[in-house]
Amino acid sequence: MLSYGAGNADAFDTLYQRHKTPLYRFVLRQCGQENVDALFQDIWLKVINARNDYQVKAKFKTWLYHLARNRIIDHYRRNSIRPIDNHEDELNTVADTTIAQPEKQLQKQNQHETLLDAIAKLPREQREAFLLREEAGLSVEQIAETCGINFETAKSRLRYAINKLRQQLVPAEEDNTGEP
Amino acid sequence: MSTDEEKISSLYQQGNNETPPGQLDDAILNAAHDAVNSASLEHKTRDTHAKRPGHKHPKAKSPFSGSWLATVSIAAVLIITVILVPLMEQELQQAPSETTPPITGLDSKLDTSDEKIKLLREGKYEQESVSKLKSETARKEQSQKAKKRSLMKTQERQSDQAAPTATPMATSMPALMSTGKTASNFSKAESDAEEKSIVDNLVEDAAEVETSAVIMTAELWLEKIQRLIDAGNLKLAAQELDEFKKQYPNEEVEQSIIDSLNR
């Protein structure tokens, strides 16, 4: 990034190629297919505009996802989208839906789709923490830094997210195998 | 990381194949390259403008943006104030003594004859000023004569009026005089006498002023003639003497002047 700020355009190509796919998925999982392109482009334009003011305070990846996170939150606010906080109710709904329509789920979705669906239903903070670990490859400490929270909170969010996804996946697996 | 976490992670990554579209990639990369290129172009343009001969830096547009300009300006103002202004004042003070002032102004300034003589000795009082002085003196003489005449007439009138009033008072009111009411008449007589003495004094003063002015003017003239003789300008001196004799026929001329002009 410093090299790009100094005028080396090829340095940006390297950065982009390295981070474009995980970042794209990070945005996609949180904002949906209809918004991902615009938001993704907007995030990279912010990176381009910040080239002269960039200071090395943390890893570039942490800074990039912090930028992306803020843009996504801004998107939520602009569109008056309330992130789901009551994860218990949501998860129950997902489970009920899965249980209520086991045959349909079995036909329509494989396990991956089920997982993606479960991720989409996660509370925003937990989904964010999970995606930061899975897509960006950030450690718990880095997730805490990116989200501006302490280590324990980041760890807790991540644990909750995994537990809920596991709970979601168990009935689906049972449905797929045909076990009761 | 537990087995559940590993399982979920591997399951998530299994079919995770979404990538940004190529058009989006191109748009972002082009934007990044354009930003760098435009910035470098601006930088180059700025550099070429700066290197161009006669190019002024934008900051230099302001007259006091450069510190040296401000310093030079302040120094110039100080030089003008400290050096040139006193010099100009000195020149102005010297100027009146070096140049011949206008005659009317000079006459009004010169209250005493001594100053005029001084100027004459310095040779700064020219012939024109002398003639002006002469005409002014003649005018003064005439005015003083007229004043004298009017004073005399007033005196005569007062004496004429005093004579008829005194006689009836003396003849018709002897009782009043004897009864002590003559004090007012005495005071009247005293005031008349005082008035007379004042008028006499005024006439004497006027006569003194007249004669002193004539003598002084004649002296000045003669001194001027003497100076012309000393300077070797005998012709002009002779003309001046002729005029002097016309103006002052009774005034005695020094023999040395006559001798030097007759040579």
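α8(A) and α1(B) pack at an angle of about 75°, with their axes 11 Å apart. The two helices are therefore roughly perpendicular to each other. Angles of 65 to 115 degrees count as roughly perpendicular, under 35 as roughly parallel, over 145 as roughly antiparallel, and the rest as oblique. Axes are lines fitted to C-alpha atoms, for helices over the stretch in contact, and angles run from 0 to 180 degrees between N-to-C directions. Helices are DSSP runs (H or I, at least four residues), numbered from the N terminus.

This is a predicted model: local features need pLDDT of at least 70, side-chain atom pairs count only at pLDDT 80 or more, and totals for chains, interfaces and linings use all residues. Residues are numbered from 1 along each chain as written, chains are lettered from A in the order written, and side-chain values use heavy atoms, without hydrogens and water.

From α8(A), F130(A), L131(A), R133(A) and E134(A) make the contact (heavy atoms within 4.5 Å). They face E5(B), I8(B), S9(B), Y12(B) and Q13(B) of α1(B). By class, this contact has 4 nonpolar, 2 polar and 3 charged residues. Ala, Val, Leu, Ile, Met, Phe, Trp, Tyr, Cys and Pro count as nonpolar, Asp, Glu, Lys and Arg as charged, and the others, Gly among them, as polar.

α7(A) also packs on α1(B), which spans residues 3-14 of chain B. Here Q111(A), H112(A), L115(A), L116(A) and I119(A) meet I8(B), L11(B) and Y12(B).

| Helix pair | Angle | Axis distance |
|---|---|---|
| α8(A) and α1(B) | about 75° | 11 Å |
| α7(A) and α1(B) | about 105° | 9 Å |

**The interface as a whole**

Chain A gives 36 residues to the contact and chain B gives 27 residues. The buried area is about 2,700 Å², and carbon and sulfur atoms give 64% of it. Buried area is the accessible area (1.4 Å probe) that two parts lose on being put together, summed over both. R25(A), H112(A) and E134(A) supply 19% of the area that chain A buries against chain B, more than any other three residues.

**Salt bridges**

Across the interface of chain A and chain B there are 3 salt bridges. The rule asks for a side-chain nitrogen of Lys or Arg within 4 Å of a carboxyl oxygen of Asp or Glu. E5(B) and R133(A) form a salt bridge at 2.8 Å, N to O. Over all chains, the whole structure has 11 salt bridges. In chain A, E128(A) and R69(A) meet at 2.7 Å, N to O. E128(A) lies in α8 and R69(A) in α4 (residues 60-78), so the pair ties together parts that are 59 residues apart in sequence.
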